[in-house]
Amino acid sequence: MDTVDSEEDDNSDAWDEADTPNSQLTKCLFCCKVFTIVEEALEHATKDHSFDLPKLKMRLDMDCYSFIKMINYLRLHPMDASDLMAVSKPVWNDDKFMKPSIEDDPWLMYDFDDVEIPQPSMSSGDGSGGYLANAENGIVTLSEQHFAELQKKIQALSVEVRVKNSLLEAAAEDMKRMRSLTQELVEGGGSSQSTDKPVDRKVACLSLTEDQSYFDSYAHFGIHLEMLSDVVRTSSYRDALVKNSPMLKDKTVLDLGCGTSILSMFAAQAGARKVIGIDQSDIIYNAMDIVRENGLESQVTLVKGRLEDTAIPENKVDYIVSEWMGYFLLFEGMLDSVMYARDKHLAEGGLLLPNRCTMHLVGIDDAGRHKEIVKFWDDVYGFKMSTLSAEVLKEPFVEVVPGTSVATTPHTLAELDLMTCSTKDYSSISSPFKLEALRDTSLTAFAGYFDTFFDLPVEKVSFTTGPQGEPTHWKQTVFYLKDPLPVKKGDVIEGHLLCQRHQREIRSLHICITLKGLKHNFYMTSGSATDL
(Lines give C-alpha, C1' and ligand atoms only; values in the text may rest on other atoms or scores of the structure.)
Protein backbone atom coordinates (compact mmCIF):
# COMPACT_ATOMS: atom_id res chain seq x y z
CA MET A 1 0.00 0.00 0.00
CA ASP A 2 1.49 3.28 -1.07
CA THR A 3 1.09 5.53 1.94
CA VAL A 4 4.13 7.60 1.04
CA ASP A 5 2.42 9.38 -1.81
CA SER A 6 4.05 12.64 -2.78
CA GLU A 7 2.42 15.86 -1.70
CA GLU A 8 0.78 17.73 -4.53
CA ASP A 9 2.76 20.89 -3.85
CA ASP A 10 -0.48 22.72 -3.25
CA ASN A 11 1.22 25.47 -1.29
CA SER A 12 0.62 28.42 -3.56
CA ASP A 13 -1.44 30.28 -0.95
CA ALA A 14 1.27 29.90 1.65
CA TRP A 15 3.83 31.03 -0.90
CA ASP A 16 1.90 34.18 -1.75
CA GLU A 17 1.24 34.92 1.89
CA ALA A 18 4.92 34.65 2.74
CA ASP A 19 6.12 36.52 -0.31
CA THR A 20 3.83 39.54 -0.58
CA PRO A 21 4.42 41.50 2.64
CA ASN A 22 8.19 41.10 2.46
CA SER A 23 8.66 41.53 -1.28
CA GLN A 24 11.86 43.32 -2.18
CA LEU A 25 11.61 46.93 -3.31
CA THR A 26 12.53 47.70 -6.90
CA LYS A 27 15.53 49.97 -7.31
CA CYS A 28 15.71 52.19 -10.39
CA LEU A 29 18.31 51.14 -12.96
CA PHE A 30 19.66 54.67 -13.27
CA CYS A 31 19.27 56.37 -9.85
CA CYS A 32 18.78 55.58 -6.19
CA LYS A 33 14.99 55.80 -6.11
CA VAL A 34 13.07 52.69 -5.10
CA PHE A 35 9.54 51.57 -5.96
CA THR A 36 7.06 48.99 -4.82
CA ILE A 37 6.79 47.19 -8.17
CA VAL A 38 8.81 46.99 -11.37
CA GLU A 39 6.10 48.67 -13.43
CA GLU A 40 6.40 51.82 -11.31
CA ALA A 41 10.17 51.78 -11.63
CA LEU A 42 9.90 51.36 -15.39
CA GLU A 43 7.42 54.23 -15.66
CA HIS A 44 9.84 56.41 -13.67
CA ALA A 45 12.78 55.39 -15.85
CA THR A 46 10.78 56.21 -18.97
CA LYS A 47 9.58 59.64 -17.80
CA ASP A 48 12.56 60.86 -15.77
CA HIS A 49 15.47 59.20 -17.58
CA SER A 50 14.07 58.95 -21.14
CA PHE A 51 14.61 55.19 -21.07
CA ASP A 52 12.72 53.51 -23.92
CA LEU A 53 12.70 49.76 -23.25
CA PRO A 54 10.48 48.80 -26.23
CA LYS A 55 12.73 50.73 -28.60
CA LEU A 56 15.86 49.15 -27.11
CA LYS A 57 14.27 45.71 -27.39
CA MET A 58 13.48 46.23 -31.06
CA ARG A 59 16.80 47.83 -32.01
CA LEU A 60 19.01 45.22 -30.31
CA ASP A 61 16.65 42.31 -31.08
CA MET A 62 16.61 41.39 -27.38
CA ASP A 63 15.02 38.31 -25.87
CA CYS A 64 14.32 37.57 -22.21
CA TYR A 65 17.83 36.18 -21.66
CA SER A 66 19.40 39.34 -23.08
CA PHE A 67 17.15 41.39 -20.78
CA ILE A 68 18.29 39.42 -17.71
CA LYS A 69 21.93 39.88 -18.70
CA MET A 70 21.36 43.61 -19.23
CA ILE A 71 19.85 44.04 -15.75
CA ASN A 72 22.73 42.18 -14.08
CA TYR A 73 25.24 44.14 -16.18
CA LEU A 74 23.72 47.48 -15.16
CA ARG A 75 23.87 46.47 -11.51
CA LEU A 76 27.61 45.85 -11.86
CA HIS A 77 28.41 48.58 -14.40
CA PRO A 78 25.97 51.50 -13.93
CA MET A 79 25.42 53.82 -16.88
CA ASP A 80 23.09 56.67 -17.81
CA ALA A 81 19.93 55.86 -19.69
CA SER A 82 21.13 58.00 -22.60
CA ASP A 83 24.33 55.97 -22.86
CA LEU A 84 22.35 52.75 -22.67
CA MET A 85 19.99 53.86 -25.42
CA ALA A 86 23.01 54.75 -27.59
CA VAL A 87 24.77 51.35 -27.50
CA SER A 88 25.13 49.84 -30.96
CA LYS A 89 25.19 46.25 -29.71
CA PRO A 90 24.64 44.48 -26.37
CA VAL A 91 27.73 44.80 -24.19
CA TRP A 92 26.27 42.27 -21.76
CA ASN A 93 26.32 39.15 -23.96
CA ASP A 94 28.69 37.22 -21.68
CA ASP A 95 26.90 34.33 -19.92
CA LYS A 96 28.39 35.45 -16.62
CA PHE A 97 25.72 38.15 -16.54
CA MET A 98 23.05 35.44 -16.25
CA LYS A 99 24.07 35.19 -12.60
CA PRO A 100 22.00 37.61 -10.48
CA SER A 101 24.03 40.59 -9.27
CA ILE A 102 21.37 41.35 -6.64
CA GLU A 103 19.66 38.42 -4.99
CA ASP A 104 15.92 38.31 -5.78
CA ASP A 105 16.17 41.46 -7.93
CA PRO A 106 12.52 42.17 -8.94
CA TRP A 107 13.70 43.35 -12.38
CA LEU A 108 14.70 39.75 -13.14
CA MET A 109 11.09 38.64 -12.59
CA TYR A 110 9.69 41.17 -15.06
CA ASP A 111 7.85 39.62 -18.02
CA PHE A 112 10.04 41.00 -20.77
CA ASP A 113 8.27 38.94 -23.42
CA ASP A 114 5.19 41.12 -22.93
CA VAL A 115 7.07 44.30 -23.81
CA GLU A 116 5.58 45.32 -27.15
CA ILE A 117 8.01 46.70 -29.66
CA PRO A 118 6.88 49.88 -31.46
CA GLN A 119 5.08 49.41 -34.75
CA PRO A 120 6.46 51.37 -37.71
CA SER A 121 3.85 53.78 -39.02
CA MET A 122 2.98 53.84 -42.69
CA SER A 123 1.77 56.88 -44.60
CA SER A 124 1.02 57.64 -48.22
CA GLY A 125 0.81 61.42 -47.65
CA ASP A 126 3.71 63.76 -47.38
CA GLY A 127 5.96 61.13 -45.86
CA SER A 128 6.42 62.98 -42.60
CA GLY A 129 6.86 60.55 -39.74
CA GLY A 130 7.29 56.78 -40.10
CA TYR A 131 7.96 55.06 -43.41
CA LEU A 132 6.78 56.14 -46.83
CA ALA A 133 4.71 53.69 -48.85
CA ASN A 134 3.87 54.54 -52.46
CA ALA A 135 0.87 52.89 -54.03
CA GLU A 136 0.39 53.12 -57.77
CA ASN A 137 -1.67 50.90 -60.03
CA GLY A 138 -2.26 48.44 -57.21
CA ILE A 139 1.48 48.06 -56.50
CA VAL A 140 2.91 49.11 -53.11
CA THR A 141 6.53 50.26 -53.09
CA LEU A 142 8.44 50.17 -49.79
CA SER A 143 11.81 51.56 -48.89
CA GLU A 144 14.60 49.04 -48.29
CA GLN A 145 14.72 49.96 -44.61
CA HIS A 146 10.95 49.61 -44.27
CA PHE A 147 11.01 46.22 -45.99
CA ALA A 148 13.78 45.03 -43.66
CA GLU A 149 11.83 46.18 -40.62
CA LEU A 150 8.73 44.35 -41.81
CA GLN A 151 10.73 41.17 -42.36
CA LYS A 152 12.14 41.48 -38.87
CA LYS A 153 8.67 41.97 -37.44
CA ILE A 154 7.35 38.93 -39.31
CA GLN A 155 10.20 36.83 -37.97
CA ALA A 156 9.54 38.05 -34.44
CA LEU A 157 5.85 37.26 -34.75
CA SER A 158 6.68 33.81 -36.14
CA VAL A 159 8.87 33.09 -33.12
CA GLU A 160 6.11 34.35 -30.82
CA VAL A 161 3.58 32.07 -32.51
CA ARG A 162 5.89 29.08 -32.11
CA VAL A 163 6.41 29.88 -28.43
CA LYS A 164 2.67 30.26 -27.84
CA ASN A 165 2.03 26.98 -29.68
CA SER A 166 4.61 25.25 -27.49
CA LEU A 167 2.92 26.61 -24.38
CA LEU A 168 -0.45 25.42 -25.65
CA GLU A 169 0.96 21.96 -26.40
CA ALA A 170 2.50 21.81 -22.92
CA ALA A 171 -0.80 22.84 -21.37
CA ALA A 172 -2.60 20.18 -23.40
CA GLU A 173 -0.11 17.56 -22.19
CA ASP A 174 -0.62 18.70 -18.60
CA MET A 175 -4.39 18.36 -19.00
CA LYS A 176 -3.94 14.92 -20.55
CA ARG A 177 -1.81 13.79 -17.61
CA MET A 178 -4.33 15.21 -15.13
CA ARG A 179 -7.17 13.34 -16.85
CA SER A 180 -5.10 10.15 -16.81
CA LEU A 181 -4.27 10.55 -13.12
CA THR A 182 -7.90 11.32 -12.25
CA GLN A 183 -9.05 8.24 -14.16
CA GLU A 184 -6.43 6.15 -12.39
CA LEU A 185 -7.57 7.38 -8.98
CA VAL A 186 -11.27 6.89 -9.80
CA GLU A 187 -10.84 3.43 -11.30
CA GLY A 188 -8.45 2.40 -8.56
CA GLY A 189 -10.76 3.79 -5.94
CA GLY A 190 -7.76 4.60 -3.76
CA SER A 191 -6.91 0.91 -3.74
CA SER A 192 -4.03 -0.06 -1.56
CA GLN A 193 -3.08 -2.95 -3.83
CA SER A 194 0.25 -2.57 -5.57
CA THR A 195 0.45 -3.09 -9.29
CA ASP A 196 3.02 -4.80 -11.46
CA LYS A 197 1.97 -2.76 -14.47
CA PRO A 198 5.02 -0.98 -15.94
CA VAL A 199 5.00 2.81 -16.00
CA ASP A 200 5.72 4.03 -19.54
CA ARG A 201 6.15 7.75 -18.80
CA LYS A 202 9.60 9.27 -19.16
CA VAL A 203 11.22 12.24 -17.47
CA ALA A 204 10.85 14.20 -20.72
CA CYS A 205 7.06 14.04 -20.20
CA LEU A 206 7.41 16.36 -17.21
CA SER A 207 7.05 20.06 -17.78
CA LEU A 208 9.98 22.11 -16.54
CA THR A 209 7.71 23.57 -13.86
CA GLU A 210 6.89 20.07 -12.60
CA ASP A 211 10.55 19.07 -12.71
CA GLN A 212 12.18 22.19 -11.28
CA SER A 213 12.26 20.95 -7.69
CA TYR A 214 14.55 18.12 -8.80
CA PHE A 215 17.05 20.57 -10.28
CA ASP A 216 16.70 22.93 -7.32
CA SER A 217 17.88 20.13 -5.04
CA TYR A 218 21.25 20.32 -6.81
CA ALA A 219 21.61 24.07 -6.36
CA HIS A 220 22.79 23.58 -2.77
CA PHE A 221 26.53 23.41 -2.22
CA GLY A 222 26.34 20.68 0.42
CA ILE A 223 25.41 18.00 -2.11
CA HIS A 224 28.31 18.98 -4.37
CA LEU A 225 30.70 18.87 -1.44
CA GLU A 226 29.45 15.35 -0.70
CA MET A 227 29.85 14.19 -4.30
CA LEU A 228 33.25 15.79 -4.89
CA SER A 229 34.49 14.38 -1.58
CA ASP A 230 33.54 10.89 -2.78
CA VAL A 231 37.00 9.75 -3.86
CA VAL A 232 35.76 6.50 -5.41
CA ARG A 233 33.27 8.32 -7.60
CA THR A 234 35.35 11.32 -8.65
CA SER A 235 38.68 9.58 -9.14
CA SER A 236 37.01 6.86 -11.23
CA TYR A 237 35.60 9.46 -13.63
CA ARG A 238 38.94 11.27 -13.68
CA ASP A 239 40.82 8.05 -14.47
CA ALA A 240 38.31 7.07 -17.17
CA LEU A 241 38.88 10.40 -18.92
CA VAL A 242 42.51 11.29 -18.24
CA LYS A 243 43.95 7.77 -18.57
CA ASN A 244 42.15 7.41 -21.90
CA SER A 245 43.28 10.79 -23.20
CA PRO A 246 44.42 9.41 -26.61
CA MET A 247 40.82 8.65 -27.55
CA LEU A 248 39.62 12.07 -26.37
CA LYS A 249 42.23 14.18 -28.16
CA ASP A 250 40.56 16.74 -30.44
CA LYS A 251 37.11 15.19 -29.82
CA THR A 252 33.86 16.78 -28.66
CA VAL A 253 32.36 15.83 -25.30
CA LEU A 254 28.93 16.48 -23.76
CA ASP A 255 28.86 16.59 -19.94
CA LEU A 256 25.23 15.95 -19.05
CA GLY A 257 24.22 17.35 -15.66
CA CYS A 258 27.61 19.01 -15.31
CA GLY A 259 27.06 20.47 -11.82
CA THR A 260 30.31 22.14 -10.75
CA SER A 261 31.86 21.22 -14.16
CA ILE A 262 34.46 18.87 -12.63
CA LEU A 263 33.91 16.23 -15.36
CA SER A 264 34.01 18.90 -18.07
CA MET A 265 37.39 20.03 -16.78
CA PHE A 266 38.67 16.44 -16.62
CA ALA A 267 37.64 16.04 -20.28
CA ALA A 268 39.40 19.28 -21.22
CA GLN A 269 42.46 18.14 -19.28
CA ALA A 270 42.38 14.89 -21.30
CA GLY A 271 42.66 16.87 -24.55
CA ALA A 272 39.08 17.23 -25.77
CA ARG A 273 38.76 19.94 -28.42
CA LYS A 274 35.39 21.14 -27.16
CA VAL A 275 33.43 20.25 -24.04
CA ILE A 276 29.79 21.24 -23.60
CA GLY A 277 28.41 21.10 -20.06
CA ILE A 278 24.68 21.46 -19.48
CA ASP A 279 22.69 21.73 -16.25
CA GLN A 280 19.31 23.20 -15.35
CA SER A 281 20.36 23.80 -11.74
CA ASP A 282 21.56 27.26 -10.70
CA ILE A 283 24.91 25.68 -9.78
CA ILE A 284 25.75 26.28 -13.45
CA TYR A 285 26.49 29.94 -12.67
CA ASN A 286 29.15 28.92 -10.17
CA ALA A 287 30.46 26.40 -12.70
CA MET A 288 30.96 29.22 -15.23
CA ASP A 289 33.11 31.04 -12.69
CA ILE A 290 35.03 27.83 -11.96
CA VAL A 291 35.79 27.25 -15.65
CA ARG A 292 37.05 30.82 -16.03
CA GLU A 293 39.04 30.56 -12.81
CA ASN A 294 40.90 27.60 -14.28
CA GLY A 295 41.44 29.22 -17.68
CA LEU A 296 39.42 26.61 -19.59
CA GLU A 297 36.77 28.85 -21.17
CA SER A 298 38.27 28.30 -24.65
CA GLN A 299 37.57 24.56 -24.36
CA VAL A 300 34.55 24.37 -22.07
CA THR A 301 31.19 25.91 -22.89
CA LEU A 302 28.45 25.73 -20.26
CA VAL A 303 24.74 25.93 -21.03
CA LYS A 304 21.90 26.39 -18.55
CA GLY A 305 18.86 24.31 -19.37
CA ARG A 306 17.29 20.87 -19.38
CA LEU A 307 18.71 18.95 -22.33
CA GLU A 308 15.30 17.81 -23.52
CA ASP A 309 14.27 21.47 -23.97
CA THR A 310 17.57 23.14 -24.89
CA ALA A 311 19.70 23.50 -28.02
CA ILE A 312 23.43 22.94 -27.55
CA PRO A 313 26.32 24.38 -29.61
CA GLU A 314 27.21 21.01 -31.20
CA ASN A 315 24.34 18.85 -32.36
CA LYS A 316 26.54 15.73 -32.48
CA VAL A 317 29.33 14.86 -30.05
CA ASP A 318 31.91 12.06 -29.88
CA TYR A 319 31.48 11.25 -26.20
CA ILE A 320 28.81 11.77 -23.57
CA VAL A 321 29.92 11.70 -19.95
CA SER A 322 27.43 11.87 -17.11
CA GLU A 323 27.30 11.03 -13.43
CA TRP A 324 23.62 10.13 -13.55
CA MET A 325 23.40 7.26 -11.07
CA GLY A 326 21.04 7.57 -8.11
CA TYR A 327 20.41 5.47 -5.04
CA PHE A 328 19.86 1.84 -6.06
CA LEU A 329 21.10 3.05 -9.47
CA LEU A 330 17.73 4.18 -10.85
CA PHE A 331 16.40 6.63 -8.24
CA GLU A 332 15.80 10.14 -9.70
CA GLY A 333 15.39 8.78 -13.24
CA MET A 334 18.29 10.70 -14.77
CA LEU A 335 19.08 7.73 -16.99
CA ASP A 336 16.16 8.90 -19.17
CA SER A 337 18.14 12.04 -20.04
CA VAL A 338 21.22 9.97 -20.86
CA MET A 339 19.15 7.87 -23.26
CA TYR A 340 17.78 11.05 -24.84
CA ALA A 341 21.29 12.47 -25.21
CA ARG A 342 22.55 9.22 -26.73
CA ASP A 343 19.77 8.99 -29.29
CA LYS A 344 19.83 12.68 -30.25
CA HIS A 345 23.39 13.89 -29.82
CA LEU A 346 25.86 10.96 -29.91
CA ALA A 347 27.70 10.76 -33.22
CA GLU A 348 28.08 7.43 -35.02
CA GLY A 349 30.90 5.49 -33.40
CA GLY A 350 30.62 7.59 -30.23
CA LEU A 351 30.61 6.28 -26.67
CA LEU A 352 28.86 6.84 -23.36
CA LEU A 353 30.90 7.16 -20.17
CA PRO A 354 30.08 5.03 -18.24
CA ASN A 355 28.78 2.49 -20.74
CA ARG A 356 27.61 -0.32 -18.46
CA CYS A 357 26.02 -0.78 -15.02
CA THR A 358 24.87 -3.76 -12.95
CA MET A 359 22.39 -3.96 -10.04
CA HIS A 360 22.82 -6.36 -7.13
CA LEU A 361 21.07 -7.64 -4.01
CA VAL A 362 22.59 -9.25 -0.89
CA GLY A 363 21.23 -10.41 2.46
CA ILE A 364 22.51 -8.83 5.69
CA ASP A 365 22.29 -9.56 9.39
CA ASP A 366 22.56 -6.64 11.76
CA ALA A 367 20.37 -7.30 14.79
CA GLY A 368 21.45 -4.08 16.51
CA ARG A 369 20.49 -1.89 13.58
CA HIS A 370 17.22 -3.80 13.10
CA LYS A 371 16.37 -3.08 16.73
CA GLU A 372 17.09 0.64 16.23
CA ILE A 373 14.91 0.87 13.12
CA VAL A 374 12.08 -1.64 13.65
CA LYS A 375 11.83 -2.65 17.30
CA PHE A 376 12.35 0.91 18.57
CA TRP A 377 8.64 1.65 18.13
CA ASP A 378 7.53 -1.15 20.48
CA ASP A 379 8.55 0.91 23.51
CA VAL A 380 9.04 4.66 23.13
CA TYR A 381 9.46 6.06 26.63
CA GLY A 382 6.95 3.51 27.83
CA PHE A 383 4.46 3.99 24.97
CA LYS A 384 3.71 1.70 22.01
CA MET A 385 4.01 3.24 18.52
CA SER A 386 3.80 0.09 16.44
CA THR A 387 1.81 1.89 13.73
CA LEU A 388 4.94 3.90 12.89
CA SER A 389 6.97 0.73 12.63
CA ALA A 390 4.75 -0.35 9.73
CA GLU A 391 5.29 2.98 8.01
CA VAL A 392 9.07 2.96 8.52
CA LEU A 393 9.30 -0.46 6.91
CA LYS A 394 7.97 0.97 3.65
CA GLU A 395 10.91 3.36 3.32
CA PRO A 396 14.31 2.07 2.20
CA PHE A 397 17.24 3.34 4.25
CA VAL A 398 20.31 4.69 2.47
CA GLU A 399 23.22 3.82 4.73
CA VAL A 400 26.63 2.17 4.85
CA VAL A 401 26.33 -1.54 5.57
CA PRO A 402 29.39 -2.92 7.40
CA GLY A 403 31.11 -5.63 5.40
CA THR A 404 30.84 -7.91 8.42
CA SER A 405 27.04 -7.76 8.13
CA VAL A 406 26.99 -9.35 4.68
CA ALA A 407 25.39 -12.73 5.33
CA THR A 408 24.71 -14.17 1.85
CA THR A 409 26.20 -14.39 -1.59
CA PRO A 410 25.13 -11.51 -3.87
CA HIS A 411 22.74 -11.83 -6.79
CA THR A 412 22.88 -9.77 -9.99
CA LEU A 413 19.42 -8.38 -10.64
CA ALA A 414 20.12 -6.64 -13.94
CA GLU A 415 22.89 -5.60 -16.31
CA LEU A 416 22.37 -2.51 -18.45
CA ASP A 417 24.37 -1.91 -21.60
CA LEU A 418 23.85 1.83 -21.88
CA MET A 419 24.85 1.87 -25.55
CA THR A 420 21.93 -0.33 -26.56
CA CYS A 421 19.30 -0.37 -23.80
CA SER A 422 16.01 1.51 -23.92
CA THR A 423 13.83 2.98 -21.20
CA LYS A 424 11.72 -0.17 -21.25
CA ASP A 425 14.75 -2.17 -20.11
CA TYR A 426 14.94 -0.35 -16.78
CA SER A 427 11.53 1.26 -16.21
CA SER A 428 10.44 -2.07 -14.79
CA ILE A 429 13.09 -4.58 -13.70
CA SER A 430 11.71 -7.96 -12.65
CA SER A 431 14.21 -10.49 -11.34
CA PRO A 432 13.96 -13.74 -9.35
CA PHE A 433 16.92 -14.12 -7.01
CA LYS A 434 18.76 -16.82 -5.09
CA LEU A 435 21.01 -15.95 -2.15
CA GLU A 436 23.11 -18.56 -0.36
CA ALA A 437 23.57 -18.08 3.39
CA LEU A 438 27.21 -17.78 4.44
CA ARG A 439 26.60 -18.72 8.10
CA ASP A 440 23.94 -19.65 10.63
CA THR A 441 22.18 -16.38 11.35
CA SER A 442 18.98 -14.38 10.97
CA LEU A 443 18.61 -12.05 7.98
CA THR A 444 17.34 -8.64 9.07
CA ALA A 445 17.34 -6.88 5.68
CA PHE A 446 18.37 -6.94 2.05
CA ALA A 447 20.83 -4.41 0.65
CA GLY A 448 20.77 -3.16 -2.94
CA TYR A 449 23.76 -1.61 -4.71
CA PHE A 450 25.26 -1.16 -8.18
CA ASP A 451 28.55 -1.42 -10.03
CA THR A 452 29.66 0.95 -12.79
CA PHE A 453 31.96 0.23 -15.76
CA PHE A 454 33.93 2.31 -18.24
CA ASP A 455 34.91 -0.28 -20.88
CA LEU A 456 37.44 1.92 -22.68
CA PRO A 457 40.15 0.99 -25.20
CA VAL A 458 43.23 2.29 -23.37
CA GLU A 459 42.41 1.53 -19.74
CA LYS A 460 39.21 0.06 -18.33
CA VAL A 461 37.86 1.62 -15.14
CA SER A 462 35.14 0.41 -12.78
CA PHE A 463 33.88 0.87 -9.25
CA THR A 464 31.39 -0.75 -6.89
CA THR A 465 28.97 0.76 -4.40
CA GLY A 466 28.62 -2.57 -2.61
CA PRO A 467 29.21 -3.15 1.12
CA GLN A 468 32.46 -5.00 0.45
CA GLY A 469 33.98 -2.02 -1.35
CA GLU A 470 35.16 1.39 -0.20
CA PRO A 471 32.14 3.48 0.90
CA THR A 472 30.70 5.99 -1.58
CA HIS A 473 28.12 8.73 -1.21
CA TRP A 474 25.57 6.30 -2.70
CA LYS A 475 26.13 3.95 0.27
CA GLN A 476 23.69 1.01 0.02
CA THR A 477 19.92 0.94 -0.19
CA VAL A 478 18.63 -1.19 2.69
CA PHE A 479 15.22 -2.89 2.73
CA TYR A 480 14.43 -3.92 6.33
CA LEU A 481 12.25 -6.93 7.14
CA LYS A 482 9.63 -6.75 9.85
CA ASP A 483 10.72 -10.07 11.33
CA PRO A 484 14.27 -11.48 10.97
CA LEU A 485 14.52 -14.58 8.76
CA PRO A 486 16.47 -17.48 10.40
CA VAL A 487 18.83 -19.32 8.02
CA LYS A 488 21.47 -22.02 8.23
CA LYS A 489 24.80 -21.93 6.40
CA GLY A 490 24.26 -23.13 2.84
CA ASP A 491 20.52 -22.40 2.83
CA VAL A 492 19.30 -20.82 -0.41
CA ILE A 493 16.91 -17.92 0.03
CA GLU A 494 14.70 -17.63 -3.04
CA GLY A 495 12.59 -14.64 -3.85
CA HIS A 496 11.66 -12.06 -6.44
CA LEU A 497 12.40 -8.35 -6.77
CA LEU A 498 10.42 -5.89 -8.86
CA CYS A 499 11.82 -2.38 -9.28
CA GLN A 500 9.76 0.05 -11.31
CA ARG A 501 8.92 3.71 -11.64
CA HIS A 502 6.55 5.14 -9.09
CA GLN A 503 3.05 5.37 -10.55
CA ARG A 504 2.81 9.13 -10.07
CA GLU A 505 6.35 10.40 -9.37
CA ILE A 506 8.38 9.11 -12.28
CA ARG A 507 11.72 10.10 -10.75
CA SER A 508 10.83 7.85 -7.81
CA LEU A 509 10.82 4.07 -7.39
CA HIS A 510 8.52 1.34 -6.16
CA ILE A 511 10.38 -1.80 -5.09
CA CYS A 512 8.52 -4.98 -4.24
CA ILE A 513 10.41 -7.92 -2.70
CA THR A 514 8.46 -11.17 -2.61
CA LEU A 515 9.67 -13.71 -0.06
CA LYS A 516 7.89 -16.98 0.71
CA GLY A 517 4.79 -15.69 -1.06
CA LEU A 518 4.66 -12.50 1.00
CA LYS A 519 5.14 -9.13 -0.72
CA HIS A 520 7.17 -6.40 0.96
CA ASN A 521 6.58 -3.01 -0.70
CA PHE A 522 9.07 -0.16 -0.48
CA TYR A 523 8.77 3.35 -1.90
CA MET A 524 11.68 5.65 -2.74
CA THR A 525 10.25 9.10 -3.32
CA SER A 526 11.80 12.53 -2.97
CA GLY A 527 12.35 13.11 0.71
CA SER A 528 11.23 9.61 1.74
CA ALA A 529 14.36 7.48 1.33
CA THR A 530 16.18 7.90 4.64
CA ASP A 531 19.84 8.82 4.08
CA LEU A 532 22.02 8.07 7.07
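Q: Helices here are DSSP runs of H or I with at least four residues, strands are runs of E with at least two, and both are numbered from the N terminus. On that basis, where does Asp250 lie?

A: This is a predicted model. In it, Asp250 belongs to the loop that joins helix H10 (245–248) to strand E6 (252–256).

Q: Is Asp250 buried or exposed?

A: The cut-off for exposed is over 50% relative accessible area. Asp250 has 51% relative accessibility, so it counts as exposed.

Q: Which value does phi take at Lys516, and where is the place of that residue?

A: Lys516 is not a glycine either, yet its phi is positive, at about 55°. Its place is the loop between strand E19 (509–515) and strand E20 (518–524). With a relative accessibility of 75%, Lys516 counts as exposed.

Q: How should I read the peptide bond from Leu353 to Pro354?

A: In general, most peptide bonds are trans. The bond from Leu353 to Pro354 is cis, and its omega is near 0°. Pro354 is found in the loop between strand E10 (346–353) and strand E11 (356–364).

Q: Now to helix packing. At what angle do helix H9 and helix H11 pack?

A: Two packed helices are described by the angle between their axes and the distance between the axes. For helix H9 (residues 231–242) and helix H11 (residues 262–269), the angle is about 25° and the axes are 8 Å apart. Angles under 35 degrees count as roughly parallel, and H9 and H11 are therefore roughly parallel to each other.

Q: Is the crossing of H9 and H11 left-handed or right-handed?

A: The crossing of these two helices, H9 and H11, is right-handed.

Q: How many residues of H11 are buried?

A: Buried means under 20% relative accessible area. In H11, 7 of the 8 residues are buried, which leaves the helix mostly covered. Among them are Ile262, Leu263, Met265 and Phe266. Just after H11, Gly271 has a positive phi of about 105°.

Q: Which helix holds Leu248, and what is its accessibility?

A: Leu248 is part of helix H10. Its relative accessibility is 0%, so Leu248 counts as buried.

Q: What about charged side chains: how many salt bridges does the structure hold?

A: Side chains of opposite charge can pair when their charged atoms come close. This structure holds 20 salt bridges.

Q: How far apart are the closest N and O atoms of Lys47 and Glu43?

A: Lys47 and Glu43 form a salt bridge in which those atoms are 3.0 Å apart. Both residues belong to helix H2 (residues 38–49); they are 4 residues apart, so about one helical turn separates them. Lys47 is exposed at 63% relative accessibility, whereas Glu43 is partly exposed at 43%.

Q: In the salt bridge of Asp343 and Arg342, is Asp343 buried or exposed, and is Arg342 buried or exposed?

A: The N to O distance in this bridge is 2.9 Å. Asp343 is exposed, with a relative accessible area of 54%. Arg342 counts as buried, at 12% relative accessibility.

Q: What is the distance for Glu391 and Lys394?

A: Glu391 pairs with Lys394 in a salt bridge whose closest N and O atoms are 3.5 Å apart. Glu391 counts as partly exposed at 31% relative accessibility, and Lys394 counts as buried at 15%.

Q: Which residues are linked in a network of salt bridges?

A: One such network links Asp94, Lys99, Asp289 and Arg292.

Q: Last, the surface. Which residues make the nonpolar surface patch?

A: Residues in a patch have over 30% relative accessible area. A patch of about 490 Å² is made by Tyr381, Phe383, Met385 and Leu388. Leu388 has its place in helix H15 (residues 386–392). This leucine, Leu388, is partly exposed, with a relative accessible area of 37%.

Conventions: Residues numbered from 1 in each chain as written. Predicted model: local features only at pLDDT ≥ 70, side-chain atom pairs only at ≥ 80, totals over all residues. Heavy atoms only, no water. Patch = residues over 30% accessible without salt bridge, like charges linked within 9 Å, V, L, I, M, F, W, Y side chains within 5 Å. Areas by Shrake-Rupley, 256 points an atom, 1.4 Å probe, with all protein chains shown as cover. Salt bridge = Lys/Arg side-chain N within 4 Å of Asp/Glu carboxyl O. Buried < 20%, exposed > 50% of the residue type's maximum accessible area, 1.4 Å probe, protein only. Axes fitted to C-alpha atoms, helices over the stretch in contact; angles between N-to-C directions. Parallel < 35°, antiparallel > 145°, perpendicular 65-115°, else oblique. Left-handed = near helix turned anticlockwise from the far one by under 90°.
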